[in-house]
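Please view the structure first.

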Amino acid sequence: MKSNSIRKNELNWTSIYEFAYKQSEKCTTIAELYPVIDSTLTMLNDQHSSFYAPEKVAGLFKGYRANEEELPMVSAKTLKNGYGYLKVPHFYFANNEEWEEFVTDAYNKLKKLDVLKPKGWIIDLRDNDGGMLVPILGAIAPFIEGSKAIGIKDADGIIKHYYYSANAVKYGDSVVYQFKTPLIKLGSKTKPVVVLINKHTGSSGEFAAAAFIGRPDTKLMGSETNGLTSSNTEFKLADGAYLVITNGTLIDRNNYEYKEVGAGIKPSIKISKKDLESDKIFDIAIKAMK
């Protein structure tokens, strides 16, 4: 925590150490330390760091189907007047095979729409409250590929960027995940784009929204997002548990830093909650692209 927290230069580590040691005095097993880790994490006051016990981690890596849950998929369709629509859901599990399936399905649907030569695109990130960033970036890669669209600024002011290149999600000089699924090239990539966001767009969903900020002929429409605009790094512990530390702040391609916890990402076009939750939003989005 002390080495990696985004707030490492602001916190009183003497007090944090004292608190952790006092809480762990009577602990005799690793498992008994779990509540201590949880309570110590709250002292970082970043609202995003977390701890996962080994059994929870095992479930995350097994995937949706192994947990008897339905695998989320993007939905895509043509709207009236020839506009394309893509809704990208959250993705909670860290199963690589399911990541590939998710992205392959998204590309197949995008290709079918692209053949119809859409006049523009609506990318729907409403209610995408995050989870795994890699599959979500993979799904939107045809629109942002090659650009360093989102960056992370750490506690020491060092900035590294996420970007999609050579069929891989990359961070700085490192490959985060190499997709087997080949990236598709959209003939309609340069057409106008409206990205829909709401208060339930959070974490990785917010990162996806930020990836479109500053993109040519692109607008964010809706309401402020949830405000989990910070990045996390996972640390595997000896017993298979994971410590997840918030280690950086989201930065968009305009170099704007989303530093205030809970403030979220503001849309370029603000829409009332009533319109944002109704089909009327599609007419409003199409009008904004004309």
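The model is predicted.

**Cores.** The largest nonpolar core holds 53 residues. Val88, Tyr107, Ile123, Phe143 and Phe212 touch the most other members. Several elements give two or more residues to this core, among them helix 4 (96–114), strand 4 (121–124) and helix 6 (204–210). Helix 5 gives the most, with nine residues. A second, separate core has 15 residues, including Val194, Phe282, Ile286 and Ala288. Nonpolar side chains tend to be buried together in soluble globular proteins.

What does Val88 touch, not counting residues up to four places away in sequence? Its partners are Val74, Phe102, Ile123, Asp124, Leu125, Asn128, Ile136, Ala139 and Ile140.

**Cavity.** The whole structure has one cavity of 30 Å³ or more. Strand 6 supplies the largest share of its lining, three residues. Helix 5 also supplies at least two. Tyr162, Tyr163 and Tyr164 are among the lining residues, as are Leu137, Ile144 and Ser147.

| Largest cavity | Value |
|---|---|
| Volume | about 50 Å³ |
| Nonpolar lining | nine residues |
| Polar lining | one residue |

**Thr229.** This residue sits in the loop between strand 10 (218–222) and strand 11 (230–236). Is Thr229 buried or exposed? Its relative accessibility is 3%, so Thr229 counts as buried. A polar atom of the Thr229 side chain lies 3.1 Å from the backbone oxygen of Tyr258. Beyond its neighbours within four places in sequence, Thr229 is in contact with Glu206, Phe207, Thr249, Leu250, Tyr258 and Ile265.

Terms used. Residues numbered from 1 in each chain as written. Predicted model: local features only at pLDDT ≥ 70, side-chain atom pairs only at ≥ 80, totals over all residues. Heavy atoms only, no water. Core = buried A, V, L, I, M, F, W, Y, C linked by side-chain atoms within 4.5 Å. Buried < 20%, exposed > 50% of the residue type's maximum accessible area, 1.4 Å probe, protein only. Helix = DSSP H or I, 4+ residues; strand = E, 2+ residues; numbered from the N terminus. Contact = heavy atoms within 4.5 Å. Polar contact = N/O pair within 3.5 Å; in protein donor to acceptor, adjacent residues only side chain to side chain. 1 Å grid on protein atoms, 1.4 Å probe; cavity = no way out; pocket = protein on both sides within 12 Å on 5 of 7 lines; lining within 4 Å. Points joined across faces, edges and corners; volume = space filled by probe spheres on them. Nonpolar A, V, L, I, M, F, W, Y, C, P; charged D, E, K, R; others polar.
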